[in-house]
Amino acid sequence: MTRDPSQSSRRRFIKISTAALAAAPLANVLLSGAAQAAETLSESDPTATALGYKADATKAPKRTDKTAFCNNCNLFSGKADAADGPCSIFGGKLVNAKGWCTAWVKKA
Ligand code: SF4
């Protein structure tokens, strides 16, 4: 008995389609995660308000150490010379390198 080439091709098409459908939600999760990481923190964010976050550290009334900025905070994971970078206290949202909040901890 010989195989019908069109059946084999149909089976292969079904296998590939199933694999693509199974992978689609994973790709969506990965892409949305990347988009969230790039979100900039707003001063009006409830957690930012609670921690007195200011994108311009000089406008933060509770800041007493004039050398304290996001880019020298231990919770800032951006590059030292970047304009902004992710902050772990705000779930990886981008904070201004020259910003500040009450959770500031000197970079170790
Ligand atoms: S925890 Fe540090 S890096 Fe994050 S907003 Fe506050 S001062 Fe900036």
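1. The secondary structure of the protein consists of two helices and two strands, where helices (H or I, at least four residues) and strands (E, at least two) are DSSP runs numbered from the N terminus. Along the sequence they follow the pattern α-α-β-β. The model is predicted: local features need pLDDT of at least 70, side-chain atom pairs count only at pLDDT 80 or more, and totals for chains, interfaces and linings use all residues. Residues are numbered from 1 along each chain as its sequence is written.

2. Of the 108 residues of the protein, 20% count as buried. A residue is buried if 20 or more other C-beta atoms, placed from the backbone, lie within 10 Å of its own.

3. The largest nonpolar core has 16 residues. Such a core is a set of buried Ala, Val, Leu, Ile, Met, Phe, Trp, Tyr and Cys residues joined through C-beta atoms within 7 Å. L41, C70, V95 and W100 have the most contacts inside this core. In soluble globular proteins, nonpolar side chains tend to be buried together.

4. W100 lies in the segment after β2 (94-96). W100 counts as buried because it has 26 C-beta neighbours inside 10 Å. Leaving aside residues up to four places away in sequence, W100 touches K54, A57, A60, R63, A68, F69 and C70; contact requires C-beta atoms, placed from the backbone, within 7 Å. The C-alpha atoms of W100 and K62 are separated by 9.7 Å, although the two residues are 38 apart along the chain.

Note on methods. A residue is buried if 20 or more other C-beta atoms lie within 10 Å of its own, exposed if 12 or fewer, and partly exposed in between; C-beta atoms are placed from the backbone. Two residues are in contact if their C-beta atoms, placed from the backbone, lie within 7 Å.
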